[in-house]
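The structure comes first, then the notes.

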Amino acid sequence: MASEDYGEMSGEDMCEYLREKGLGRWADAFKEKSVIKLRELNDGVLAEMGIDQPEDRQKILDSILKIWPSAPKVFNDPIHGSMELHPLLVKIIDTPQFQRLRYIKQLGAGYLVYPGASHNRFEHSIGVGYLAGELVKALKEKQPELGINERDILCVQIAGLCHDLGHGPFSHVFDGMFIRKVKLPPGPLRKKMKTWKHEDASVEMFDHLMRSNKDLQWMMKACRLKPSKDLDFIKEMIQPPAAQEEYKGRPKKSFLYEIVANKRNGIDVDKFDYFARDCHHLGIKNNFDHGRFIKFARVCEVDGQKVDGQEEDGQEGDGQEEDGQEGDGQEGDGQEGDGQEEHGQEGDGQEGDGQEEDGQEGDGQEGDGQEEDVQEEDVQEEDVLEVDRQKHICTRDKEVNNLYDLFHTRYSLHRRAYQHNVVKIIEHMIVEAFLKADKHIQIKGSGGEMFTLSTAITDMEAYTKLTDCVFDQILNSTEDNLREAREILTNIVDRKHYRFLGEIKPKRIPTKEEISQLKEDLAAALPLPREGAQADGLTKEDFVVLPVTMDYGKKEKDPIDSMDFYNKKNPTQAFKIKREEVSKLLPEHFSETLVRVYSRKIDLKSLEAARGHFELWNNVRNPVWTDCHVTVS
């Protein structure tokens with residue numbers, strides 16, 4: 001039975017709903033009622049209202065059951081335990097657009113290195129929806145003066161639930177690497193694809209979900225939401241506007257926008273979930289306690305100041321993230337995909353402590369500053385928000401070390417897993433395969449129109465059908481036009497990926513031209529040159545060079561500088577904490593750039609020759625790399 005808190009509609013809305021369902025002749029029976037409690041409607045009540053025919057009463061009851069919020073459901077989760085979710089959230093989860101997330105790996109190609117990393121965007125999204133509710137409910141209970149109501153809570157939960165609807169195959173591999181290297185089509189699609197990110201698709205997919213499941217808006221009304229206003233609020237939380245002046249949904253409750261995707265300092269429930277979930281599945285210790293943050297979270301007024309805005313995932317973040325990865329414009333190894341140049345990958349270049357080939361912790365490297373593998377759920381400073389005195393989510397001063405643990409956990413995840421050098425080169429190879437298969441993959445979209453692997457992002461009906469399954473579609477294909485792509489994916493499955501030769505730690509982020517010249521220098525590092533090739537046959541095309549940048553989420557800045565705190569004596573007064581007040585043992589630098597070098601040829605003779613090129617290059621470096629530390633694998 002539905003809870004008394006759910007299921008009310010106005011007489012006017014009920015009349016409109018019945019007309020939409022072809023039951024308009026009975027609409028007048030509800031017209032005079034100001035509020036209709038759906039749980040009270042039964043056969044006897046309808047008969048008293050003058051609806052005489054049993055079959056008519058049954059049709060009305062069947063229609064009402066489609067929008068009648070039943071009791072909440074409890075999900076058993078390995079991370080958060082028993083999660084009770086509002087029936088409207090369950091209704092959204094049960095749509096094809098949301099179920100699609102079951103087939104998109106949270107960590108992209110991470111599962112091909114870490115056997116435990118088998119979790120998907122589906123469970124992460126449910127976890128974020130749950131934590132979003134926990135945080136906003138905690139704020140409501142501690143500070144009733146904020147005026148948080150049930151509508152606000154439900155909207156925040158929906159935004160958390162739907163924030164990753166727009167992810168493509170292998171999560172950030174698709175939007176952070178593949179789409180950025182696709183040859184852009186002419187016309188209006190060109191501009192859209194040039195700047196497209198998964199957050200854009202999340203908003204579009206949410207709109208598509210609402211249009212395709214017509215009863216959802218009626219159920220929203222039955223849950224006392226106002227779709228005309230609340231849908232905008234939900235989408236703004238998924239993809240926050242650049243400036244607070246642009247908020248339409250809850251402009252007077254700007255702190256609500258910091259729960260799901262926090263552009264102010266990057267501390268949000270998206271990270272809370274993917275940190276805990278990814279650590280669990282990767283076997284890496286999570287030192288951050290999001291439960292303590294929720295308990296100590298409090299909304300305070302903050303004096304007007306310039307706040308470094310940030311753009312997200314983290315893969316995912318959501319583990320690369322998330323659950324976001326955001327690039328900074330560095331180009332990658334110069335490999336082109338149908339005419340588009342590759343963007344540099346993120347990574348931290350630190351070696352791990354396990355084996356590459358069978359999923360043990362390896363020499364994965366972290367970074368989230370390069371475009372190629374834009375990290376999910378991690379925000380990078382792009383925009384600057386001009387803020388007057390505003391209400392923001394703050395935490396207790398004594399929790400500052402817990403927040404440093406948060407960013408150190410992020411660093412550890414990137415270094416040991418997200419940016420594992422085998423993970424990143426496999427993702428690079430997947431992108432190469434997708435680029436070669438792009439125009440040969442045909443997906444039916446709205447109106448029967450066919451879309452390719454890349455253009456499917458412009459049609460949500462087609463995009464709904466695009467998941468990690470495209471990997472197997474190519475791998476198991478027999479068409480000759482997919483042969484090259486199929487061979488690349490077969491090499492991945494057979495563990496014949498490009499081999500890591502070493503890494504360089506430059507003093508600054510190298511330019512595109514410097515990366516291109518590095519490949520030239522690597523190829524020319526042995527004597528006896530012949531026209532177009534070296535004596536051992538290696539050319540610049542045989543080397544893959546991937547620049548990567550790691551940081552704490554704010555490039556070279558300390559992320560805690562963007563956080564506000566309060567103390568026990570004065571919980572309404574927000575203030576900053578300087579790093580020297582915390583500890584002398586904090587890191588002095590918060591960003592590091594690395595350049596990884598790989599060999600495409602993996603036969604023993606060519607691989608040994610490639611190592612020789614890299615070692616000789618290290619001895620006679622170009623002046624650009626003179627002060628760099630080099631590690632030879």
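## Ground rules

Two strands count as paired if DSSP finds at least two bridges between them. Strands are DSSP runs of E with at least two residues, and they're numbered from the N terminus.

This is a predicted model, so to speak of local features takes a pLDDT of at least 70, side-chain atom pairs count only at pLDDT 80 or more, and totals for chains, interfaces and linings use all residues. Residues are numbered from 1 along each chain as its sequence is written, and side-chain values use heavy atoms, with hydrogens and water left out.

How do β10 and β15 run relative to each other, parallel or antiparallel? They're parallel, with two bridges joining β10 (residues 390-396) to β15. Look for T395, which stands opposite F565 in β15.

K568 lies in the loop between β15 and β16 (591-599). Is K568 buried or exposed? Its relative accessible area is 69%, and exposed means over 50% (1.4 Å probe, protein chains only). K568 and R396 are 172 residues apart in sequence, yet their C-alpha atoms are 7.4 Å apart in space.

Strands β3 (residues 73-77) and β4 (residues 81-85) pair antiparallel over five bridges.

Conventions: Helices (H or I, at least four residues) and strands (E, at least two) are DSSP runs, numbered from the N terminus. Buried means under 20% relative accessible area, exposed over 50%, partly exposed in between (1.4 Å probe, protein chains only).
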